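Here is a walk through the fold, sheet by sheet and then helix by helix. Have the model open while you read.

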Amino acid sequence: MTTSIRHIAKLAGTSVSSVSRVLNNSGYASPELRQRVEAAIRTLNYTPSKGARMLRGAPSRMIGLMLPSIDVPFFGILAHAIEQELFRHGYQTLICSTAENMEHEARYISMLLSQRIDGVIVASAFGSIEHFEALRDADIPIVAIDRELGGIANDAVMADHEEGGRLMARHLIGLGHRSIAIVGAPAHSQPVQLRLEGMRAEMAKDGITPAVVAMAEEHSFAATYELARELLTSRPEVTAIVGTTDISAIAVIHAVQDRGFSVPRDYSVIGFDDLPEAAYVFPRLTTVAQPIREVGERAAQRLKALIEEQQAGHEPRQGIVVKIPVTLIERDSTGPVRG
């Protein structure tokens, strides 16, 4: 097993930040602390890795941004907001699109370490954190965005996805719908799962369970369009369809119309995100708006603060999760239950 500065910190009975100060020769470290750290280094026969050597260099003013995909409109908007906010504070951004592939994530992490990044903002497509440990061991500040990254990220910034799910269910139930289907993607997405939890919890208050939950592995218009077409054939009792994203909801609207039905007369349809396209699809999409740009800007600001705290030699603090409120935007794609 490769020795990391976390192993040194444990053996020396101190923090990773303190070990970093000794390695970096920056900030205050008492003679007694320095002796303990140096003794631990000798005991563990520690050879600095590329990431640890980075700690002794000057700040690079470069930030890594890892996103599952940038051809999905939500992540494109998010990336732009983060890049602009970081640029405003003098940082450059290396954008990594991981294609929701764990191997891609691991390879990008190696690349970012070689580029001497000062910090990382990441939306991981997976719950696994093992391949992020190299960043943690190099004491690189990490902010998770749009989802949590437990055990690795210092902070997380995200919309309140669970409350968004409750808002969608509450809106449809208020219009009299009781046979509600859910169509979405990707199935492994933490935000999508949180929206599902919120919907189920709200529906349960009225003794309702989803008529159908149809989830695709790929987040695309085509994948959710096919799920919606199958639903319309197999479950005629359904009167409302939830798209777990706006892309999913827009695909549902097209599937309904291609079958000769009308939205919202025959089927009410609701989405999540409030992408710019939501206001221009016909009929205009009712959706839960998450403040995408604010999420990105807040994540950039949190990372900037973490980097400055580390450079000032402050001890790591308890991480925080920032959940930003969401809002229901009622447009034309939802209406009272038919009949």
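## The mixed sheet

Six strands line up as E7-E6-E8-E9-E10-E12 in an open sheet with mixed pairing. (Strands here are DSSP runs of E, at least two residues long, and helices are runs of H or I of at least four, numbered from the N terminus; two strands pair if DSSP finds at least two bridges between them.) Strand E7 (212-215) and strand E12 (327-329) sit at the edges with a single partner strand each, so one side of each has no neighbour in the sheet. From one strand to the next, the twist averages 20 degrees; angles like this run from 0 to 180 degrees between N-to-C directions, with axes fitted as lines to C-alpha atoms and, for helices, over the stretch in contact.

Strand E6 (residues 180-184) runs parallel to E7, and four bridges join the two. Look at Gly 184 and you'll find its bridge partner in E7, Met 215. Helix H9 (residues 190-204) packs on this sheet, touching E6, E7, strand E8 (240-243) and strand E9 (268-273), and its direction makes about 175 degrees with that of E7. Contact, by the way, means heavy atoms within 4.5 Å.

## Where the model comes from

This is a predicted model, in which local features need pLDDT of at least 70 and side-chain atom pairs count only at pLDDT 80 or more, while totals for chains, interfaces and linings use all residues. Residues are numbered from 1 along each chain as its sequence is written, and side-chain values use heavy atoms, with hydrogens and water left out.

## The parallel sheet

The other sheet to look at is open too, with six strands in the order E2-E1-E3-E4-E5-E11 and parallel pairing. Its edges are strand E2 (92-97) and strand E11 (321-324); each has a single partner strand, so one side of each is left without a neighbour in the sheet. On average, neighbouring strands are turned by 15 degrees against each other, direction ignored.

Strand E1 (residues 62-67) and E2 run parallel and are joined by six bridges. Within that pair, Ile 63 stands opposite Thr 93 of E2.

Helix H1 (residues 5-12) and helix H3 (residues 31-43) have axes that come within 9 Å and cross at roughly 120 degrees. That makes H1 oblique to H3: under 35 degrees would be roughly parallel, over 145 roughly antiparallel, 65 to 115 roughly perpendicular, and the rest is oblique.

On the H1 side, Ile 8, Leu 11 and Ala 12 meet Arg 36, Val 37, Ala 40, Ile 41 and Thr 43 of H3. Those contact residues split into six nonpolar, one polar and one charged. (Nonpolar covers Ala, Val, Leu, Ile, Met, Phe, Trp, Tyr, Cys and Pro; charged covers Asp, Glu, Lys and Arg; the others, Gly among them, are polar.)

The salt bridge count comes to 15, using a side-chain nitrogen of Lys or Arg within 4 Å of a carboxyl oxygen of Asp or Glu. One of them links Arg 88 and Glu 85 at 2.9 Å, N to O. These two are three residues apart in helix H5 (residues 73-88), which means about one helical turn separates them.

Now for the backbone. Asp 273, in strand E9, is not a glycine but has a positive phi of about 140 degrees.
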